[in-house]
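Subject: Structure handover and notes

Hello,

Here is the structure you asked about, with my notes below it. Please open it alongside the text.

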Amino acid sequence: MSLKRFLAFAATLVLVSGCWSYPADVLEDSSSAVTPDQIGDTGGEDPDLPLVEDATNDNKVIDVVADVASDNKQGGFHPPGWTSPSVHGKAAMLNTMNCTMCHGTDLLGGTTGQSCDTCHDNGWRTNCTFCHGGVDNQTGAPPQSIDGATDAAAGAFPAHGFHVTGNGHALITCVGCHVTPTEVTSPGHMFDDTPGKAEVDLSGGLSPNGKFASMTCSSLYCHGNGQGDNGSVPLNKSDIGCASCHPGPKSSSVALGAMTGRHSMHVKEGVGCYECHSEVFNSQYQPVDGTLHVNGEPNYKLPNGITYNGKGCTGICHGEYHQSPSW
Ligand code: HEC
Ligand code: HEC
Ligand code: HEC
Ligand code: HEC
Ligand code: HEC
Ligand code: HEC
């Protein structure tokens, strides 16, 4: 949040609650050093929060949280009900106010003394499915989206699953399309200056020159014809067939003519793609080794008896003798 937004927010708070100060007892409690080391397991595993004060437990953290809970009722900084995950969690996800401003850039408490780790389980910061993903697969990719939506079709990018789990093509990890964080507070991740918006950055993958605008990706290698960064695809396209990116076995002569060398001639003569690309697809056009498809280079394996030297072929194939004519 910009300073301006923060001031406006603080002013609203003053209007609504008539006060703007941290409760003194919380500051006292928190200044008596609530550190992650002291937290241990206490309070970490129990999702049934807010926590209640346990007289027999002298752990500082429990006391602080209990104070915080009672302060809420008396009008602490956050409104009543804030400890509910669907309230403070949502505010953090959509970055409606930047938590790091008061709770510290490391979220360990900052000026508030209230660390996020007091309640959250160990490892929450690196658990990529704590906040998004975890529905289709465990990579962290939506669905679930940052607003909590779990319907892939309604999401910003319905095809996440196809990309990140490999689907007849090499695996495209988050890095292919996003600067990828290693934890919650990584730069550019959730506490950046574009609240609630996932940034797309194609520079880390096979389409480093790719562009993303108007819900369309363009100048892509991945959706191109294998001869350059010439592919383009809208985010919501669903019917991606074999001839969407490069020509397929049933494509027109004109389309096949755009492929390199003597593709067109061979395919029109009835030679199947699989006959020269047998390590990638079989005769049923099912992947033999999907990791070789859209991996950044053409992979070919010609039938026994014929060799290709990068210029032309030598040997006998489909009953015809080749003596290094140009490809
Ligand atoms: C302007 C300062 C400020 C900002 C911004 C802020 N907090 Fe707090 N927060 C506090 C203070 C101070 C406390 C200590 C208790 C109190 O005063 O309510 C606190 C306490 C809490 C608590 C303990 C329960 C409670 O209601 O007091 C939670 C949970 C919490 N904050 C979550 C968040 C999240 C999540 C964000 C970001 C979306 C956030 N806070 C942003 C100042 C802030
Ligand atoms: C008073 C205890 C408490 C504190 C303090 C607290 N949280 Fe939470 N938070 C929870 C609980 C409980 C959940 C639900 C956990 C679960 O589902 O496993 C949760 C869930 C969340 C979620 C997930 C929401 C979602 O939609 O999936 C986010 C994000 C979150 N908290 C952010 C924060 C941040 C940031 C802070 C520190 C500024 C913080 N919380 C401090 C109790 C707390
Ligand atoms: C092929 C490209 C691609 C890959 C790979 C990819 N994403 Fe995305 N992601 C996108 C696009 C495009 C958007 C939508 C951006 C927009 O709407 O501005 C998006 C949006 C998101 C969002 C926000 C979605 C929402 O609606 O709230 C999250 C979170 C996200 N991606 C996480 C991930 C994670 C985690 C991975 C890896 C496991 C991943 N993405 C892999 C392209 C990709
Ligand atoms: C505490 C919640 C939380 C956790 C845990 C979390 N993320 Fe995110 N993630 C978000 C939010 C919120 C966004 C939307 C980013 C924004 O507002 O810019 C996001 C966005 C992303 C994006 C889209 C690019 C971007 O930064 O905008 C990727 C990729 C991503 N997260 C990967 C991960 C990975 C990998 C992990 C585990 C190491 C992880 N996330 C853990 C909340 C979280
Ligand atoms: C006669 C053998 C042969 C047949 C049949 C064949 N290919 Fe190829 N293909 C090659 C060779 C050899 C290369 C590598 C070309 C180079 O290195 O310049 C290649 C390269 C490619 C490329 C990279 C881009 C390009 O145009 O060079 C694509 C995409 C491709 N093939 C798809 C197919 C598809 C789809 C079919 C079936 C419709 C097919 N191929 C049929 C031999 C063949
Ligand atoms: C999203 C775009 C896209 C789709 C859809 C697609 N391809 Fe490809 N294909 C490529 C690209 C790009 C290459 C260039 C070589 C590479 O990077 O592997 C390629 C290469 C090939 C090759 C050459 C061998 C190689 O290197 O992988 C064959 C054969 C092939 N594709 C067949 C198919 C078939 C069969 C289908 C449908 C099941 C299909 N393609 C769907 C993008 C696509």
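Overall

This is a predicted model. The protein chain has 10 helices and six strands. Of its 327 residues, 19% are buried. If one takes the contacts between residues at least 6 apart in sequence, 36% of them join residues at least 24 apart.

The largest nonpolar core consists of five residues: Cys 217, Leu 220, Tyr 221, Cys 222 and Val 294. Leaving aside residues up to four places away in sequence, Val 294 touches His 169, Ala 170 and Cys 222. In general, nonpolar side chains tend to be buried together in soluble globular proteins.

Ligand surroundings

Ligand 2 is surrounded by 21 residues, and the closest are Pro 85, Gly 89, Ala 92, Cys 116 and Cys 119. Helix 5, which covers residues 85-94, gives the most to this shell, with six residues. By class, the shell around ligand 2 holds 12 nonpolar, eight polar and one charged residues.

Around ligand 4 there are 27 residues, of which Cys 128, Cys 131, His 178, Met 190 and Ala 198 come nearest. The shell of ligand 4 divides into 11 nonpolar, 12 polar and four charged residues.

Strand 2 (residues 216-220) pairs with strand 3 in the antiparallel sense over three bridges. Thr 216 has Pro 234 in strand 3 as its bridge partner. In the loop between strand 1 and strand 2 sits Ser 214, which has a positive phi of about 50 degrees although it is not a glycine. Ser 214 is exposed, because 8 other C-beta atoms lie within 10 Å and the limit for exposed is 12 or fewer.

Hairpins towards the end of the chain

Strand 4 (residues 306-308) and strand 5 (residues 312-317) pair in the antiparallel sense over three bridges. Thr 307 stands opposite Thr 314 in strand 5. The two strands make a hairpin with three residues between them, and Gly 310 in the turn has a positive phi of about 95 degrees.

Strand 5 also pairs with strand 6 (residues 320-326), in the antiparallel sense and over five bridges. Here Gly 312 is opposite Ser 326 in strand 6. Strands 5 and 6 form a hairpin with two residues between them, where His 318 in the turn has a positive phi of about 30 degrees.

Residues in the loop between helix 7 and strand 1

Gly 168 is in the loop between helix 7 (160-164) and strand 1. Its C-alpha atom is separated by 6.9 Å from that of His 293, although the two residues are 125 apart along the chain. Gly 168 touches Pro 287, Gly 290 and His 293, not counting residues up to four places away in sequence. With 15 C-beta neighbours inside 10 Å, Gly 168 counts as partly exposed.

Cys 177 lies in the loop between helix 7 and strand 1 too. Is Cys 177 buried or exposed? Cys 177 is buried, because 26 other C-beta atoms lie within 10 Å and 20 or more are needed. Not counting residues up to four places away in sequence, Cys 177 touches Val 200, Leu 202 and Gly 205. Cys 177 and Gly 210 are 33 residues apart in sequence and 9.3 Å apart in space, C-alpha to C-alpha.

Backbone points to look at

A cis peptide bond joins Pro 142 and Pro 143, with omega about -10 degrees. A cis peptide bond also joins Pro 143 and Gln 144, with omega about 10 degrees. Pro 143 lies in the loop between helix 6 (100-103) and helix 7, and Gln 144 is found in that loop as well.

Asn 95 is in the loop between helix 5 and helix 6. Its phi is near 55 degrees, a positive value in a residue other than glycine. Asn 95 counts as partly exposed, with 19 C-beta neighbours inside 10 Å.

Regards

How values were computed:
Residues numbered from 1 in each chain as written. Chains lettered and ligands numbered in written order. Predicted model: local features only at pLDDT ≥ 70, side-chain atom pairs only at ≥ 80, totals over all residues. Near = placed C-beta within 6 Å. Helix = DSSP H or I, 4+ residues; strand = E, 2+ residues; numbered from the N terminus. Nonpolar A, V, L, I, M, F, W, Y, C, P; charged D, E, K, R; others polar. Pairing = 2+ DSSP bridges. Contact = placed C-beta atoms within 7 Å. Core = buried A, V, L, I, M, F, W, Y, C linked by C-beta atoms within 7 Å.
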